[in-house]
Amino acid sequence: YGGPGCSADGKKAVVTYAPEHPDVTAGKWPLPRPYKQAMAEEYGGRPMTYIQADFESGNVEEVFTDNYGCNHVQPSFAEPNIWLIDRDPITPEQGDWTNHPRVWLLDTSNKSLTPVIPGDEFKYPAHSTWNRTGERVYYHGPAQEGGQFIGVADIQGNILWETLIPGAVYGHVSAHTKREAILTDGLVTSDLISVIDYEGKESESGAPGIEILGAHDTDWRGMYWQYSDPHSQMSPDGRWVYYNRCERGRSDVYVLRIEP
């Protein structure tokens, strides 16, 4: 199963699932193939089923099937039928991270797909999320020139704003809950929780305004995979930011109070 999401009304969970490693189900050990290789050879991609489950009744509905991998599913708050998803290629025929747009908008009412295509030469955003209203998409990814591109698209997939931060590092984007701005745990620096103000507060050079909220000081490499990543999120009232911090091989949840 992939990472779960939730419908705008809070009544349904949405999630993806993919087949188990075929060599695991066949009882082979040690595994002769990595998972992605096995998926490509067995299925020509990574079969993915999108489902939603009703919290009260427990009823499960199959919504969409695809042959691209997906790690994130996020229904829009403004348009519940529009889901923000990933589509990860794993075969040469499907493309690769340099030329395949990863972020897509799935309309569950008619099963149509709309890509969010960055302006940067590299078309593969690492992460994406909705803004506070569910009418815009925030995304970022590694840029052709180095650093990170960071952008905003509307719910139809049109790019509204994009910029390049040449010295940017790895991180994540999330939504400021009180205004149109991007909350990040990295990108600008590796140790600070910051806000990228893409509307209004620009410097004389045209760069977006940056507001520092505090330091997370996580050890990015202290744990396997993404368990040490802060993944900062803001509370609906804008008074708190919560995040993970890794130190000495363990990850704990912290909260940062935002002064009014």
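**Exercise 1. Salt bridges**

Task: How many salt bridges does a search of the whole structure find?

Solution. The model is a predicted one. A search across the whole of it finds 13 salt bridges.

**Exercise 2. Glu41 and its partner**

Task: With which residue does Glu41 form a salt bridge, and is Glu41 buried or partly exposed?

Solution. 
- Step 1: find the partner. Glu41 forms a salt bridge with Arg33. The closest N and O atoms are 2.8 Å apart. The cut-off for a salt bridge is 4 Å, so the pair counts.
- Step 2: check accessibility. Glu41 has 49% relative accessibility, so Glu41 counts as partly exposed.
- Step 3: check the partner. Arg33 has a relative accessible area of 15%, and Arg33 is therefore buried. The cut-off for buried is under 20%.

**Exercise 3. A pair across the chain**

Task: Which parts of the chain does the salt bridge between Glu199 and Arg136 link?

Solution. 
- Step 1: confirm the pair. Glu199 forms a salt bridge with Arg136, with 2.8 Å between the closest N and O atoms.
- Step 2: Glu199 sits in strand S15 (residues 192-202), and Arg136 sits in strand S10. They are 63 residues apart, so the pair links distant parts of the chain.
- Step 3: read the accessibility. Glu199 is partly exposed because its relative accessible area is 39%. Arg136 is partly exposed too, at 22%.

**Exercise 4. A pair and a network**

Task: How far apart are the closest N and O atoms of Asp252 and Arg250, and which residues are joined into one network?

Solution. 
- Step 1: take the pair. Asp252 forms a salt bridge with Arg250, and the closest N and O atoms are 2.6 Å apart.
- Step 2: read the accessibility. Asp252 is partly exposed, with a relative accessible area of 26%.
- Step 3: name the network. Asp23, Arg33, Glu41 and Glu42 are joined by salt bridges that share partners.

**Exercise 5. A charge without a salt bridge**

Task: Which side chain of opposite charge is nearest to Asp154?

Solution. 
- Step 1: locate the residue. Asp154 lies in strand S11 (residues 148-154).
- Step 2: look for an opposite charge. The nearest such side chain is Arg136, 7.8 Å away. Asp154 is buried yet has no salt bridge.
- Step 3: look for another partner. The Asp154 side chain reaches the backbone nitrogen of Gln156 at 2.9 Å.
- Step 4: list contacts. Beyond four places in sequence, Asp154 contacts Leu105, Glu135, Arg136, Val137 and Leu160.

**Exercise 6. A histidine in strand S10**

Task: Is His140 buried or exposed, and which side chain makes a polar contact with the side chain of His140?

Solution. 
- Step 1: His140 lies in strand S10 (residues 136-142).
- Step 2: read the accessibility. The value is 0%, so His140 counts as buried.
- Step 3: find polar partners. The side chains of His140 and Gln148 are joined by a polar contact of 2.8 Å. A polar atom of the His140 side chain also lies 3.0 Å from the backbone oxygen of Gly171.
- Step 4: check the surroundings. Residues that His140 touches include Pro125, Phe149, Val173 and Leu187.

**Exercise 7. The largest pocket**

Task: How many residues line the largest pocket, and which element supplies the largest share?

Solution. 
- Step 1: take the volume. The largest pocket has about 1,600 Å³.
- Step 2: take the lining. It has 48 residues; Gly3, Asn71, His72, Gln226 and His231 lie nearest the centre.
- Step 3: find the main supplier. S9 gives the largest share, 4 residues.

Note on methods. Residues numbered from 1 in each chain as written. Predicted model: local features only at pLDDT ≥ 70, side-chain atom pairs only at ≥ 80, totals over all residues. Heavy atoms only, no water. Helix = DSSP H or I, 4+ residues; strand = E, 2+ residues; numbered from the N terminus. Buried < 20%, exposed > 50% of the residue type's maximum accessible area, 1.4 Å probe, protein only. Lys, Arg positive; Asp, Glu negative; His and termini not counted. Polar contact = N/O pair within 3.5 Å; in protein donor to acceptor, adjacent residues only side chain to side chain. Contact = heavy atoms within 4.5 Å. 1 Å grid on protein atoms, 1.4 Å probe; cavity = no way out; pocket = protein on both sides within 12 Å on 5 of 7 lines; lining within 4 Å. Points joined across faces, edges and corners; volume = space filled by probe spheres on them.
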